[in-house]
Amino acid sequence: MKKRMKKIAVMIVLTGIMLCTAACGKGDAVKDDLYTYLSNMQPIQELQKEAINEYNGYVNNNDSNSQELLTALQSSIIPKYENYLTELNAVAAETEEVQNVKTVCLNGANKQMDALKKVAEAIEACDTDILAEADALITESETIFTDYENQLNTLAGEHDISLVNNDTGIDNSEENPSEENSGGEAE
């Protein structure tokens with residue numbers, strides 16, 4: 001009977017240890033999801049950079065004319081940006097917190113796409129009012145990407161993830177405000 005009691009006592013202790021280990025071993029779902037989101041965003045943000053860098057190459061080049069920019073927008077820049085949006089939409093977010101951050105990024109990216117399309121429309125119509133609308137959309141996208149960066153940094157901080165670069169949605173340089181990226185790199 002003593003042996004049986006020892007076995008039961010050992011089983012109870014082992015069961016308690018296993019339950020404690022399982023309970024203590026539960027991960028932070030938001031942290032895991034955010035880390036996965038950030039990892040998935042790395043290659044996608046390169047698509048955006050490519051489109052925006054090409055756009056800025058035309059806009060910042062004094063030798064380019066509006067017709068060259070229009071051709072580039074229609075044949076290359078907008079299709080690249082559409083590819084970026086498709087890939088961005090495909091990034092999974094499992095938790096509500098990460099989904100909320102992703103939604104802000106999508107809103108900024110959609111505003112930026114609208115701005116690129118407005119620039120093309122303005123050039124086609126030779127309409128400075130439409131160009132002003134495009135500028136307003138760029139400003140809106142910059143504001144949204146700033147909010148995205150702030151939310152992403154806050155969420156990462158709350159879940160002990162260090163962002164090792166600043167490619168989190170905003171280019172903090174004094175360059176063209178349409179040079180945003182989306183994503184971030186987790187350490």
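Residues are classed by relative accessible area: buried means under 20%, exposed over 50%, and partly exposed in between, with a 1.4 Å probe and protein chains only. The structure is a predicted model, in which local features need pLDDT of at least 70 and side-chain atom pairs count only at pLDDT 80 or more, while totals for chains, interfaces and linings use all residues. Residues are numbered from 1 along each chain as its sequence is written, and side-chain values use heavy atoms, with hydrogens and water left out.

The chain has 5 helices and 0 strands, where helices (H or I, at least four residues) and strands (E, at least two) are DSSP runs numbered from the N terminus. Along the sequence the pattern is α-α-α-α-α. Of the 187 residues, 39% count as buried. Contact is taken as heavy atoms within 4.5 Å. Among contacts between residues at least 6 apart in sequence, 69% join residues at least 24 apart.

Two packed helices are described by the angle between their axes and the distance between the axes. Axes are lines fitted to C-alpha atoms, for helices over the stretch in contact, and angles run from 0 to 180 degrees between N-to-C directions. Angles under 35 degrees count as roughly parallel, over 145 as roughly antiparallel, 65 to 115 as roughly perpendicular and the rest as oblique. A crossing is left-handed if the near helix is turned anticlockwise from the far one by less than a right angle, and right-handed if clockwise.

The axes of H2 and H3 lie 9 Å apart, and the two helices pack at an angle of about 165°. H2 is therefore roughly antiparallel to H3. The crossing of this pair is left-handed. By class, the contact of H2 with H3 has 15 nonpolar, 3 polar and 5 charged residues; Ala, Val, Leu, Ile, Met, Phe, Trp, Tyr, Cys and Pro count as nonpolar, Asp, Glu, Lys and Arg as charged, and the others, Gly among them, as polar. The H2 residues in this contact include Met41, Ile44, Leu47, Gln48, Glu54 and Tyr55, and those of H3 include Leu69, Leu73, Ser76, Ile77, Lys80 and Leu88.

Ser76 is located in helix H3, which spans residues 66-90. With a relative accessibility of 16%, Ser76 counts as buried. Its side chain makes a polar contact with the side chain of Glu54 at 2.8 Å. A polar contact is a pair of N or O atoms within 3.5 Å; within protein, one must be able to donate a hydrogen and the other to accept it, and residues adjacent in sequence count only if both atoms are side-chain atoms. When neighbours within four places in sequence are left aside, Ser76 is in contact with Glu54 and Thr71.

Helix H2 (residues 29-59) also packs with helix H5 (residues 128-158): their axes come within 13 Å and cross at roughly 155°. This angle makes H2 roughly antiparallel to H5. The crossing of H2 and H5 is left-handed. On the H2 side the residues are Val30, Leu34, Tyr37, Leu38, Gln48 and Tyr55, which meet Ile138, Phe145, Tyr148, Leu152, Leu155 and Ala156 in H5. By class, this contact has 11 nonpolar, 1 polar and no charged residues.

Leu106 lies in helix H4 (residues 96-125) and, at 12% relative accessibility, counts as buried. Apart from neighbours within four places in sequence, Leu106 is in contact with Leu88 and Asn89. Lys111, also placed in H4, is partly exposed, with a relative accessible area of 25%. The C-alpha atoms of Lys111 and Ser141 are separated by 5.3 Å, the two residues being 30 apart along the chain. With neighbours within four places set aside, Lys111 is in contact with Leu137, Glu140, Ser141 and Ile144.

Positive phi values in residues other than glycine include those of Cys126, near 50°, and Asp160, near 55°. Cys126 is found in the loop between H4 and H5 and is exposed, with a relative accessible area of 71%. Asp160 is placed in the segment after H5 and is likewise exposed, at 67%.
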